[in-house]
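Thanks for asking me to look this one over.

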Amino acid sequence: MIQNAFISLGAWAWIILGVVLIGVELIAPGSFFLWLGLAAIVTGLLDAVLGLSWQTAALFFALLSVGAVVLGRFVMRSKTPPETDAAPLNQRGQSLVGRVFTLEAPIKDGEGRIRVDDSSWRVTGADRFAGAKVRVVRVEGTTLVVDDP
């Protein structure tokens with residue numbers, strides 16, 4: 001029944017399917033349905049021009065879908081942002097390595113605190129008095145390891 005309705009619409013069925021698939025892309029983004037939708041629209045246009053049988057149109061759609069998805073992955077991969085020197089997202093401590101800070105609380109028994117902007121960080125290193133300058137040498141979890149500047 002649905003198949004008969006689809007076949008009776010001819011080329012318009014493919015164009016409508018393409019528009020629906022592109023609409024699905026808006027609901028479930030990921031740039032996959034977009035390429036399938038474009039393949040369906042191209043199939044519909046080919047069907048309108050060439051008067052394809054439904055079996056041939058389905059074959060064209062399958063081939064165009066594979067080609068469109070492969071092309072789409074190539075296009076999307078080439079648009080990836082370039083590597084930067086910025087710290088990885090959610091790893092702010094990595095951006096602090098090499099920087100010099102003033103101790104907010106003395107390092108006593110190997111532990112102290114520094115202030116970075118609006119946050120306070122736990123530091124470990126050799127005992128030092130509050131106000132001493134220290135350089136961050138590495139990050140261990142959420143603790144900064146410091147040494148002489």
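**Notes on the model**

1. Let's begin with helix H3. The cover over its buried residues includes H2 and helix H4 (54-78). Keep in mind that this is a predicted model.

2. Which residues of H3 are buried? They are Trp-35, Leu-36, Gly-37, Ala-39, Ala-40, Thr-43, Gly-44 and Asp-47. As background, an α-helix has 3.6 residues a turn, so residues three or four places apart point the same way.

3. Helix H3 (residues 33-50) has 18 residues, which should span 26 Å at 1.5 Å a residue, and its end C-alpha atoms are 25 Å apart, so the two agree. Just after H3 comes Gly-51, with a positive phi of about 65°.

4. Now back to H2, this time for the surface. Leu-9, Trp-12, Ile-16 and Val-20 make up a nonpolar patch there, and together they have about 430 Å² of accessible area. Helix H2 (residues 11-27) supplies the largest share of this patch, three residues.

5. Take Ile-16, which sits in helix H2.

6. Last stop: Thr-143, in strand E5 (residues 143-147). Thr-143 is buried because its relative accessible area is 8%, and the cut-off for buried is under 20%. Leaving aside residues up to four places away in sequence, Thr-143 touches Arg-122, Val-123, Thr-124 and Arg-138. With Arg-122 there is also a side-chain to side-chain polar contact of 2.6 Å.

Terms used:
Residues numbered from 1 in each chain as written. Predicted model: local features only at pLDDT ≥ 70, side-chain atom pairs only at ≥ 80, totals over all residues. Heavy atoms only, no water. Patch = residues over 30% accessible without salt bridge, like charges linked within 9 Å, V, L, I, M, F, W, Y side chains within 5 Å. Areas by Shrake-Rupley, 256 points an atom, 1.4 Å probe, with all protein chains shown as cover. Salt bridge = Lys/Arg side-chain N within 4 Å of Asp/Glu carboxyl O. Helix = DSSP H or I, 4+ residues; strand = E, 2+ residues; numbered from the N terminus. Buried < 20%, exposed > 50% of the residue type's maximum accessible area, 1.4 Å probe, protein only. Polar contact = N/O pair within 3.5 Å; in protein donor to acceptor, adjacent residues only side chain to side chain. Contact = heavy atoms within 4.5 Å. Expected span 1.5 Å × (residues − 1).
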